[in-house]
Amino acid sequence: IPGGKIVVEFGGKGHVQTIVKALRNSLRARGYIEQSDLDIWYFPSIGEYSTELESAGFRVLVAEHYDRPTELADESSGIKDWISMFGESFFTGVADDHIE
């Protein structure tokens, strides 16, 4: 809508890099090279995201980065639950006995 406003919250640059690095290393060690090379998320810096928005015709007035860690619901299965919810595509073609 012309003249409208957009307010967004998104994961900041490097948001899931520790998780993705460990997942990629684990997949690669088991021979799942194609899956380990997947790049399914885009977490830009404030500058990168502002540039993207401006190139799409938005006028960025305020952009702020702040840490807001996501608490996992269950300490024993939380990271597995998170990966199965958001990273399922990494496991396409992975043998069931290699998923855990």
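The model is predicted, with local features needing pLDDT of at least 70 and side-chain atom pairs counting only at pLDDT 80 or more, while totals for chains, interfaces and linings use all residues. Residues are numbered from 1 along each chain as its sequence is written, and side-chain values use heavy atoms, leaving out hydrogens and water.

Two salt bridges were found (a side-chain nitrogen of Lys or Arg within 4 Å of a carboxyl oxygen of Asp or Glu). In one, Lys13 pairs with Glu48, and their closest N and O atoms are 3.3 Å apart. Lys13 sits in the segment before helix H1 (17-29) and Glu48 in helix H3 (residues 46-55), so this pair ties together parts 35 residues apart in sequence. Helices here are DSSP runs of H or I with at least four residues, numbered from the N terminus. Lys13 is exposed, at 52% relative accessibility, and Glu48 is partly exposed, at 33% (exposed is over 50% relative accessible area, buried under 20%, partly exposed in between, with a 1.4 Å probe and protein chains only). Arg28 forms a salt bridge with Asp37, with the closest N and O atoms 3.5 Å apart.

Now to the pockets. On a 1 Å grid over the protein atoms alone, a pocket is an open set of points where a 1.4 Å probe fits, with protein on both sides within 12 Å along at least five of seven lines; lining residues have an atom within 4 Å of a point. The largest holds about 1400 Å³ of space, and Val8, Glu9, Phe10, Tyr49 and Glu64 are the closest to its centre among its 41 lining residues. H3 gives the largest share of this lining, four residues.

Notes:
Helices (H or I, at least four residues) and strands (E, at least two) are DSSP runs, numbered from the N terminus. Grid points are joined across faces, edges and corners, and a volume is the space filled by probe spheres set on the points.
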